[in-house]
Amino acid sequence: MFFAIIKRGGAGDLLYQVQAAFKTYGNCLTSQLVSPGSASKLRRKCSEEETSVLMIERHLKEQGMPEIVEIPAVWLQGSACSGCVVTLLNSFSPGASSIVLRELAAGKHLSIRFLATAMAGSGAKVLDVLHDETVKDKGKYVLVMDGSLPVAGDMFATLGEQDGQERPVRDVAAELARDSALVVAMGTCSAYGGIPAGAPNPTGAISMPELLAREGISTPIVNIPGCPPHPDWFVGTLVATAMHGLEHVASRLDEISRPLDYYGKQIHETCPRRADFDAARFARKFGDAGCLYELGCKGPVTYADCPTRMWNSGTNWCVGAGSPCHGCVEPGFPDDLSPLYRKIEEERLARFQVLGDQGAE
Ligand code: SF4
Ligand code: SF4
């Protein structure tokens, strides 16, 4: 794991400062700290060399190095498969290490203080950090919520304890959402309920927007659906927020709070197999050339830029690999778009075609 909470502010913050100093000044003290090593080695060195770090910080100030603006963030997981964390780690430009350790965008550093799946720390200590950091940065931090929130009982999806009782993550999420500057509903489960909320939904899983409405919380929310979302959709939204402000981002959302820059175009409109659809050249079995509509493609009711952005650093995408689009970014996925490999009936197409082209550039 590439970062670990070792003290207030996290190892990522400390390493970031040290690396920035090394890059700029080539200080021999910093070279000791950034030499290759595991997180534990770094942790040991950081505490051993605390004096050195203080010296570096003072040196940076004296040299008038421009201040890096910190964007504090905490990442909670409810009923989730962790795919949304994996997608973050799969980010190509900026890469995951840049996002966490260096700059998200020029002069901006995303300081993730809590992310259970990717941090080395665990137990009561990291929950204390989560509490202290969010109190310290009340009204300033970004809450990234990944996964849905079960409300049918207190035993589903818990995080830590209070007075000897396990805490439902929905309570923690509501508490943190109330005091955050922005909520990002990361992934389809968080944005709409997703797979955990699929019938018969025994845990009573709801989405983050539903939780906010239920608790009367008015914090702005941006939905980044996808199963999982493309890393660019998340990273690009945070970069836009950091560089241009929340108002700019809010002005570029569709009616279900998705950034139009990524979710503004219908997949069917930009699909390279569209000419096959128009000419009624349909694939009859997997592996055939032609449009995948007869094999269950939900591209005509799905809004995302997968055909042009593509996945895995621009390598390919679902239809390009011969699989129908399943509409993973749409409300009602998976139930309303199932069976996934059956052609969507024409009468259902009309029901879905409500958004239209919303002007993505
Ligand atoms: S493969 Fe899917 S998205 Fe592409 S043209 Fe056919 S129906 Fe539309
Ligand atoms: S092509 Fe469809 S199923 Fe595949 S990632 Fe994009 S929206 Fe999801």
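Author: Pro-200 lies in the loop between helix H9 (188-192) and strand E8 (205-206). Helices (H or I, at least four residues) and strands (E, at least two) are DSSP runs, numbered from the N terminus. This is a predicted model, in which local features need pLDDT of at least 70, side-chain atom pairs count only at pLDDT 80 or more, and totals for chains, interfaces and linings use all residues. Residues are numbered from 1 along each chain as its sequence is written, while chains are lettered from A and ligands numbered from 1 in the order in which they are written.

Reader: What is the peptide bond from Ala-199 to Pro-200, cis or trans?

Author: The bond from Ala-199 to Pro-200 is cis, with omega near 10°. Another cis peptide bond runs from Cys-227 to Pro-228, with omega near -5°. Pro-228 sits in the loop between strand E9 (221-224) and helix H11 (231-244).

Reader: What is the phi of Asn-201?

Author: Asn-201 is not a glycine, yet its phi is positive, about 45°. Asn-201 belongs to the loop between H9 and E8.

Reader: Why does Asn-201 count as partly exposed?

Author: A residue is buried if 20 or more other C-beta atoms lie within 10 Å of its own, exposed if 12 or fewer, and partly exposed in between; C-beta atoms are placed from the backbone. Asn-201 counts as partly exposed because it has 16 C-beta neighbours inside 10 Å.

Reader: Where does Asp-163 lie?

Author: Asp-163 is in the loop between strand E5 (158-162) and strand E6 (165-168). Asp-163 also has a positive phi, about 50°, although it is not a glycine. Asp-163 counts as exposed because it has 5 C-beta neighbours inside 10 Å.
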